[in-house]
Amino acid sequence: MPMGQGTYTWPDGSSYMGEVCNGIRHGTGTYICAENGVTYKGQWDQGKRHGKGTVYYNQEKTSWYKGDWVKNNREGLGVRCYPSGDIYSGEWKNNLRHGEGTMKWLKLSQQYVGMWQDGVQVEFVVLRKSTELRSIYTFYSRLGHAHSLDNTFLLSRLQLWRLLKDCNIHHHDITLTQIDHYIKEDTTTEIHSPFTPMLLRRLLSCLVIVAHHIYNKDMVSEKHLLAACLSKLMTDDILPNAKNVKGFLFGQPHFSVVAMKYMKRCWDVYQVYCRVHSAPRDDQTMTCRHLLWMFKDLHLLDNNLTTVRLLKIITAESRDPNNLSLCLDLEITFLEFFEVLLGCAEVKCQRVSESLEKHQSLSGSNTGISRDLPEVQASEKILQTTSNPSQSQGKSCDTAQDALESQDVKTEVSDRPQSAEHTEEHGGEGKGLQTRGMEAKDQTIHQFFNHFFFPAFDHHQQVTENMKEDKLCQEAQRRIALAKAQQRAREKEHQQANE
């Protein structure tokens, strides 16, 4: 049987020049079809195009494909140039555009970047809603920023999290940390960093992935599954809820600008308390349970900020805030961590914003929580039941649940940002109250972070470091004492031997 390099010609004039194995095209070679002029140059496996290769579909070489092949099919990454000059670059499966890719229409001067399924644009739904989606992108990318000349910003992961929470995506049995994993593009960057910029293309890709995760079982009979899932997500979740900003951070523009000044330092603190929770994943995150214990370790809990109230702030946006078994061990992103701190700031520093409480409260929350003895007792009970990580989860959650249900405590987040029109209706008096309210909120934030949270964290870190040094010192002293004792024993043995 023919082996190695060779040139072969068929009766119809077609030819092959390249490597063969047992008389079959195998290795690298070029095949030219005499009938239609199609030329393939690249890798072969047992007579089939397999690996990397380029095919020209006409003699003018204006129609071609260059990329990956699997058993004669375009599959993997590749570029397809059509006779019209239009070009597709991206993922393929079974000879069809499938996955993420870019299509450029030369004569129309148009470009589509996004997901494809079986050759169909998945995001045709997005194209129909392009105006609304661009508006949503622009709206959320401005959150937390002071006004600029062009007022143009890139969406950050922090703002993406806020969009997803506003649309209640986390109520569909998927967490924000899971979404971070689904949309990660590489392994070189921190996948949970709130500072990561998110282009519009990546937002659209995120929506497609989330849509498939939530609705794929409901749409299994649809011909174009991803497109159907995306359409449902847009109709049921995104468009009805986007721009209805919730949470403690972005609910009021001025407040969020002030709060964002503390974001970088709080991110550093968040990372200190993160741990690996879900093997075999190696990323580090925080759970609600560990957030609760951080407040205890830093001695931030008191008669104002009780454990009961803290739990209500932590679970304010949960699908079922009273079900602690679903809340305590959930992984939380930095947005959720940061918003808990902001929610606690007003509770911890109530005297600073006391005059404001009659007119408006942080993120529309009702902070009129009773601080009587039963609540303090309930707080201590919850801490006792969660103090030992080795205890069964069900027992601690059930006990904490009973403690919570015995209290009439309500902490809710605002449904929408405060509007300028609302404040204008009150005239000069309203503006004066608004100004004093903003100043009080600024003072609340400054006092909490600068006089409570950061000093408590720094002190705890210093104590922890001192304990480590003391432990090392004690270990060193123990080793020295042991070495001396062994030396004395040897000397004694040597002396006895001489006698």
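1. In the hairpin formed by strand 8 and strand 9, where two residues lie between the strands, Asn94 adopts a positive phi near 55°. Strands here are DSSP runs of E with at least two residues, and helices are runs of H or I with at least four, each numbered from the N terminus. The model is predicted, with local features needing pLDDT of at least 70 and side-chain atom pairs counting only at pLDDT 80 or more, whereas totals for chains, interfaces and linings use all residues. Residues are numbered from 1 along each chain as its sequence is written, and side-chain values use heavy atoms, with hydrogens and water left out.

2. Strand 8 pairs with strand 9 (residues 96–105) in the antiparallel sense over six bridges, pairing requiring that DSSP finds at least two bridges between two strands. Lys93 has Leu96 of strand 9 as its bridge partner.

3. Strand 7 (residues 73–81) and strand 8 (residues 87–93) also run antiparallel and are joined by six bridges, with Gly76 partnered by Trp92 in strand 8. Five residues lie between the strands of this hairpin, in which Gly85 takes a positive phi near 100°.

4. Helix 2 (residues 130–141) has 12 residues and reaches 16 Å from its first C-alpha to its last, close to the expected 16 Å, which is 1.5 Å times one less than the number of residues.

5. Leu133, Ile136, Tyr137, Tyr140 and Ser141 of helix 2 are buried (under 20% relative accessible area, with exposed meaning over 50% and partly exposed in between, for a 1.4 Å probe and protein chains only). These residues lie on the same side of helix 2 because they cover an arc of only 125° around the axis, taken from the directions from the helix axis to the C-beta atoms. On the other side of helix 2, Thr131 and Arg134 are exposed.
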